[in-house]
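Please find below a short note on a structure, written for a reader who is new to such models. It is set out as numbered points.

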Amino acid sequence: MNPYPELTLSESATTIDLNESKGLKLKHINLMTELNEAENLNITKAMQWIKRNRKSNPLSITFLMKLHKQMFGDVWKWAGVFRVSDKNIGVPWPEIPSKIKNLIDDTHFWIQNKSFDWDEIGVRFHHRLVSIHPFVNGNGRHARLLCDILLERHNIKIFSWGGVTARSDETRSFYIKALQAADQKNYDLLISFVRS
Ligand SMILES: Nc1ncnc2c1ncn2[C@@H]1O[C@H](COP(=O)(O)OP(=O)(O)O)[C@@H](O)[C@H]1O
Ligand SMILES: [Mg+2]
């Protein structure tokens, strides 16, 4: 089972957006349920790849891009590549590489200087990564998994991300509220969410 489900999926969307479907590698897929299944399988495979690559540095642009490719590359053509158009969430696309570099540098600094405790470092890293929104899609799942890889490499217990009820509407709206609070530099809600 894939422990990194989409937390903000709209249940009413039963067919795939035509615009988005252009990048779809699997042409037999028509329904959101089929897409979810293909993505879940791809992410489960990516978890095996992570196990084989325990030595690589998760705080690098190459690893960050490779991880997205591993998670979504069987399904989407744009997997592992930064977006080249703007979305309603995220920085203007030309700024993505420099914003990612700044985030990686800052995270190295926080770790080295113990600027925050580990849960807050993880949460700040996750929130800033989804706020940059580097990819066309899959940003939430990618940023949760990358955050957990970072924690694991430092022998910190990985987050639960809302726990077993991860797909419920309540969990989803709490997660979004917590991200919005983090936009205002208040990380407390998100810190409690990731360990709930
Ligand atoms: N205001 C917001 N509303 C919805 N999602 C947000 C918001 N701010 C940040 N996000 C992040 O964006 C993610 C959704 O982006 P998306 O690229 O579709 O990722 P995924 O396909 O993995 O869900 C959410 O999981 C969340 O991490
Ligand atoms: Mg999505």
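Predicted model: local features only at pLDDT ≥ 70, side-chain atom pairs only at ≥ 80, totals over all residues.

1. The surroundings of the ligand. Ligand 1 is surrounded by 13 residues, and the closest are Glu-6, Val-130, Asn-139, Gly-140 and Arg-141. Two elements, α6 (139–153) and α7 (169–183), each give two or more residues to this shell. By type, the shell divides into five nonpolar, six polar and two charged residues.

2. The nonpolar core. The largest nonpolar core holds 38 residues, and those that touch the most other members are Leu-129, Leu-146, Cys-147, Leu-190 and Val-194. At least two residues of this core come from each of α2 (32–52), α3 (61–72), α4 (96–113), α5 (118–132), α6, α7 and α8 (188–194).

3. Which residues are in contact with Leu-190, once its neighbours within four places in sequence are left aside? They are Val-123, His-127, Ala-178, Leu-179, Ala-181 and Ala-182.

4. The length of α4. This helix has 18 residues. From the first C-alpha of α4 to the last, the distance is 26 Å, close to the 26 Å expected at 1.5 Å a residue.

5. The buried residues of α4 are Ile-100, Leu-103 and Thr-107. They line one face of the helix, because their directions fall within an arc of 60 degrees when α4 is seen down its axis. The general rule is that an α-helix has 3.6 residues a turn, so residues three or four places apart point the same way. The buried residues of α4 pack against α3 and α5. On the other side of α4, the exposed residues are Ser-98, Lys-101, Asp-105, His-108, Phe-109, Gln-112 and Asn-113.

6. The phi of Lys-114 is near 45 degrees, a positive value in a residue other than glycine. Is Lys-114 buried or exposed? Lys-114 counts as exposed because it has 9 C-beta neighbours inside 10 Å, and a residue with 12 or fewer is placed in that class.

7. Asn-155 is found in the loop between α6 and α7. The phi of Asn-155 is near 60 degrees, again a positive value in a residue other than glycine. Asn-155 is exposed, because 7 other C-beta atoms lie within 10 Å.

Conventions
Residues numbered from 1 in each chain as written. Chains lettered and ligands numbered in written order. Near = placed C-beta within 6 Å. Helix = DSSP H or I, 4+ residues; strand = E, 2+ residues; numbered from the N terminus. Nonpolar A, V, L, I, M, F, W, Y, C, P; charged D, E, K, R; others polar. Core = buried A, V, L, I, M, F, W, Y, C linked by C-beta atoms within 7 Å. Buried ≥ 20, exposed ≤ 12 C-beta atoms within 10 Å, placed from the backbone. Contact = placed C-beta atoms within 7 Å. Expected span 1.5 Å × (residues − 1). Arc of directions from axis to C-beta.
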